[in-house]
Each structure stands twice: as structure tokens, then as C-alpha cells.
Amino acid sequence: MSAPWTLHNGDAMGWLATLETDSAAAVITDPPYSSGGMLRSDRTGDTRAKYSGLKNRHHISNFSGDNRDGRSWGYWMALWLGEAARVVRPGGVLAMCTDWRQLPAATDALQAGGWVWRGIVPWIKPDARPQRGRFTQNAEFLVWGTNGPRPFGGECLPGYYLARAPRNNDRGAHQRRHLTQKPLDVMRSLVQIVEPGELILDPFAGAGTTLLAAALEGRRAAGCELHPAHAASARARLDEALQT
Ligand SMILES: C[S@@+](CC[C@H](N)C(=O)[O-])C[C@H]1O[C@@H](n2cnc3c(N)ncnc32)[C@H](O)[C@@H]1O
């Protein structure tokens, strides 16, 4: 039997363009946020400095596509979201991660790409660092929409998630291989938005968390990752976890 997942190493737009119209049930993904920092120099810097404070010294590789300014990011997002809407069948789902800074632009881009915006699902991180005189920034967000009308049916899913981000000392399938890796358990819940056996796409696969979650939950998955080191790392993780 062939593996329930595939991973392409290349650019998401080019990859989506090769996929058949109406061929997938959902896109569940985590695009580069192009967020963070107070200054443009923060945004254009090394992602290891931005996400870990350990430029050049973090054991995990840098990644690309995270340095567009606000307008360019929104424009680029709308481009790939439009192509994703072609590939996902009518009534299918788009769900993507974002942070508080990019939330307004993300919901605009989703709609510019042709999707019906359906809501926001907070991912709350209980271990975020509090700051004096400030509200704790301990949430990221899942923005979701559908490709036109979606009939009711299938699983009832939560309206929020409470989970800590992967840590450097996590092991096995939960091992931290990517700076912005999402919790496997959250992704295992998200993929249940489609029926078992259906196809989920992740154009920005990183360490392959969506693909692994999909496979573990009996869904099929196809992903794309631009950075060769992350693509190789994701393949190794999937092979190891699924013995494929
Ligand atoms: C936020 S990370 C995804 C992390 C992933 N959710 C995980 O749990 O490991 C976004 C990924 O998109 C990749 N990327 C950036 N631009 C891309 C592009 N144009 N096409 C495909 N992948 C891209 C980056 O290299 C990065 O690994």
C-alpha cells in the first residue's frame, strides 16, 4: 500500500498550479506570518533571531518567505489562496494559522482569494511569558473559511484549543524540528474537519505536522515545502512516525 502522504520540495504557488481542480477536501496550513518585531529590520532578519533569539546558533534551520511587508504579504496570500480555492472542491475547507498582528490582513486575504470567511479559532498557549503592564500575548489564531456553501455534517469540532507549543526537549513525533512548529495534537483535531480518507493539502508544510496529523487520523495528505532541509526533515519525521 502506498503512503497516505506526499511532500513536494518547491514553491507553493507552482505546486498548487499542478493540482487538479476540485481534487482536495481541504487546505489546512500555516503560511509564513511575516510578522514579529517592532521594526522592518526585525521582520527582514533571520527567523532564528525572530522566533528564538538565537540567530545562527539555533540547531533548527532558518526558513524563508517570512519577510514581506504588510501590503505585499496580503497580496501574496490572496494569490495562493485563490489558487487553493480552485483546487479544493465546492463546500471544502480552508484553515490557516496566523497571529494577532496579521489577523485582519489574513481574513481579508482569505476573502480576496474567493473563500467564504467562517470564523476564527484561538490557539491558547498556557505557558506564554507574562509582561508587566501588558496583556499576555498567549494566543495564535486559526482563520477558516469554505469554498462557497458547506452543508452541515461530520464531526463537531472545538471553538478553541489550549496547548503549549513544541519544546526543544520534546521527543518522538512531537520532537521540535521547526522554529514555528504547531502542536501535533491540535493538528490531529483540525484535520477531522474532513471525512476519513479525504485529501488535505498543506502548501507550507514545515516539519510536516499537518501531514502527520492527517495520516494518524486516517486522512490522506499532500504537502509542499520550499526549504530543502525542512522538506527532508519532514519526510524523516513522517517515515519514522508512520513506518512508511
Ligand atoms: C510557519 S512554517 C510551517 C510550520 C509547520 N506548520 C510545522 O508544524 O512544522 C511555514 C513554512 O513555509 C515554508 N515556505 C515559505 N515560503 C514558501 C513557499 N513559497 N512555498 C512553500 N513553502 C514555503 C517555510 O520554509 C516554512 O517551513
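A residue is near a molecule if one of its heavy atoms lies within 4 Å of it. In this predicted model, local features need pLDDT of at least 70, side-chain atom pairs count only at pLDDT 80 or more, and totals for chains, interfaces and linings use all residues. Residues are numbered from 1 along each chain as its sequence is written, and side-chain values use heavy atoms, with hydrogens and water left out.

There are 21 residues around the ligand. Asp-11, His-178, Ala-207, Thr-209 and Glu-225 come nearest. The shell comprises nine nonpolar, eight polar and four charged residues. Here Ala, Val, Leu, Ile, Met, Phe, Trp, Tyr, Cys and Pro count as nonpolar, Asp, Glu, Lys and Arg as charged, and the others, Gly among them, as polar.

Polar contacts (pairs of N or O atoms within 3.5 Å) were then examined. A polar side-chain atom of Glu-225 lies 2.7 Å from a ligand oxygen atom. For Asp-30, a polar side-chain atom is 2.8 Å from a nitrogen atom of the ligand. Ala-12 places a backbone N or O atom 2.8 Å from a ligand nitrogen atom. On its own, the ligand has 610 Å² of accessible area (Shrake-Rupley method, 1.4 Å probe), and the protein covers 98% of this.

The largest nonpolar core has 30 residues. Such a core is a set of buried Ala, Val, Leu, Ile, Met, Phe, Trp, Tyr and Cys residues joined through side-chain atoms within 4.5 Å; buried means under 20% relative accessible area (1.4 Å probe, protein chains only). Leu-7, Ile-28 and Leu-190 have the most contacts inside this core. Another core, of 28 residues, lies apart from it and includes Trp-15, Leu-94, Leu-110 and Leu-199.

Technical notes: Buried < 20%, exposed > 50% of the residue type's maximum accessible area, 1.4 Å probe, protein only. Polar contact = N/O pair within 3.5 Å; in protein donor to acceptor, adjacent residues only side chain to side chain.
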